[in-house]
Amino acid sequence: QRRVHGKSHVCVQSAKVCSSLIGSAFAKPANSNAAFHKHEWNLTNLCASSTNVLSIFAQSCTSDASGHHASDYQAKSRPSVSGITQPFIKIASIFASEFLSPDPQGLPFVEYLHQGTKVWYSVHKDHWSRLLDVATRGQTNDCPSRSHSNDNQSEENDDSSLLEGESSVRALNKYDLMIPPSVLESCGVPYSRVIQHPGQFMLVSPSSAFATVALDDVTISECCYVADSDWLRFANVPFMESRQDGVPLLFALEQLATNLVLSISDPTDATFIAARFLKNSILEERAIRQELHDSFNLVAMNESQCSLQLPAWSECTCDMCEYPCFFSLIIDEDDETLYCVSHGLAEMERTGNSVGFKLIQQHSNEDLAKIIEKCQV
């Protein structure tokens, strides 16, 4: 239950389901006679479009740039990701709502409405400071703070300290904002309102904080994320901030960068951007592994050497920051806590104890060296 200006608001039923489980509502590409099966705006095709840098997740990795069979470290980085490798289906009953916030990953997305009617509200980033002022100063009691941030996170990251620049995304995502349009108007916050009908696409920019309300008994839509090389230039900022704030993400940015660097034979703007980021990430990973070895005599091992049954790598996230573990992870076998290497090292330094901690690698030092070589080509 949420509170909106002192009145009870009961959240009704809604769900997101990966289309790989129940099937896309678009024409299936496998059916050559189906209408629009090859159309670019079929979201199943859009996920694999060459103009979408995220399509690298959907491409099969059977050979490297030299034509040789792909090695294990290439194949490891290609799990199925809902909304990325295939669209997801959104099902909502009447009045189901999405809170007013920007996408925490800074990703644009496309949503197609199959059934029902949906109203969209949007506030452009130029007006986020006013929106935050309403949320943090005028409406704090009606906008409960989300609980996904770490309990021990510094209070310095609260409300007024997050009102400027790139931190506006962080501040907006701290709150489950449900502010009536009349309040936005009275507080001088400009907004856009669009009604989406069946058969219409909605393109949502990361420069907008958006909210939706379903207006029919059952509303069914289909959605996928898209991005171009320009998004890669700025992607590190929202991913870093989401990691610091404990906001769950669809994938690790290192995973996308690795796929781009290993899979594309002809260099593009996207691969150059990815290579720069990836090289720095791997150097940081190596430095932490070395610190773990020097300070706690912790040596990277394979998953098979762990006494516990780990989830699939695509499901491994740090229990401290919610960031997907990609190159490696640290597990405390005593309480089965998963850490990214940064938080694992910090926890061992805090307690001065490494008993029960294991460093599990998905990519060995040799794998990382090969990736670094690709970054320098």
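1. Cavities first: this predicted model has 2 of 30 Å³ or more. A cavity here is a set of points, on a 1 Å grid over the protein atoms alone, where a 1.4 Å probe fits but cannot get out. The largest cavity holds about 50 Å³, with volume taken as the space filled by probe spheres set on the points, which are joined across faces, edges and corners.

2. Who lines the largest cavity? Pro-104, Val-169, Arg-170, Asn-173, Pro-238, Glu-241, Ser-242, Asp-245 and Val-247 do, lining residues being those with an atom within 4 Å of a point. Helix 5 (167–172) and helix 8 (236–245) are the elements giving two or more residues, and helix 8 has the largest share, with 4. Helices (H or I, at least four residues) and strands (E, at least two) are DSSP runs numbered from the N terminus.

3. Nonpolar covers Ala, Val, Leu, Ile, Met, Phe, Trp, Tyr, Cys and Pro, charged covers Asp, Glu, Lys and Arg, and the others, Gly among them, go down as polar.

4. Then there's the second largest pocket, at about 590 Å³; a pocket is an open set with protein on both sides within 12 Å along at least five of seven lines. Of its 23 lining residues, Lys-125, Val-169, Pro-206, Phe-234 and Pro-238 are the closest to the centre. Helix 5, helix 7 (229–234) and helix 8 each put in two or more residues. By class, the pocket lining has 12 nonpolar, 5 polar and 6 charged residues.

5. On to the open sheet: 5 strands, order 3-4-11-6-9, antiparallel pairing. Strand 3 (14–18) and strand 9 (201–204) are at the edges with a single partner strand each, so one side of each has no neighbour in the sheet. Twist averages 25° from one strand to the next.

6. Inside that order, strand 6 (residues 109–115) and strand 11 (residues 218–225) pair antiparallel over 6 bridges; pairing takes at least two DSSP bridges. Tyr-112 has Glu-222 in strand 11 as its bridge partner.

7. Helix 9 (residues 253–263) and helix 12 (residues 365–375) have axes that come within 9 Å and cross at roughly 65°. Axes are lines fitted to C-alpha atoms, for helices over the stretch in contact, with angles from 0 to 180 degrees between N-to-C directions. Thr-258, Val-261 and Leu-262 meet Ile-371, Lys-374 and Cys-375, contact meaning heavy atoms within 4.5 Å.

8. Housekeeping: residues are numbered from 1 along each chain as its sequence is written, and side-chain values use heavy atoms, without hydrogens or water. As the model is predicted, local features need pLDDT of at least 70 and side-chain atom pairs count only at pLDDT 80 or more, while totals for chains, interfaces and linings use all residues.
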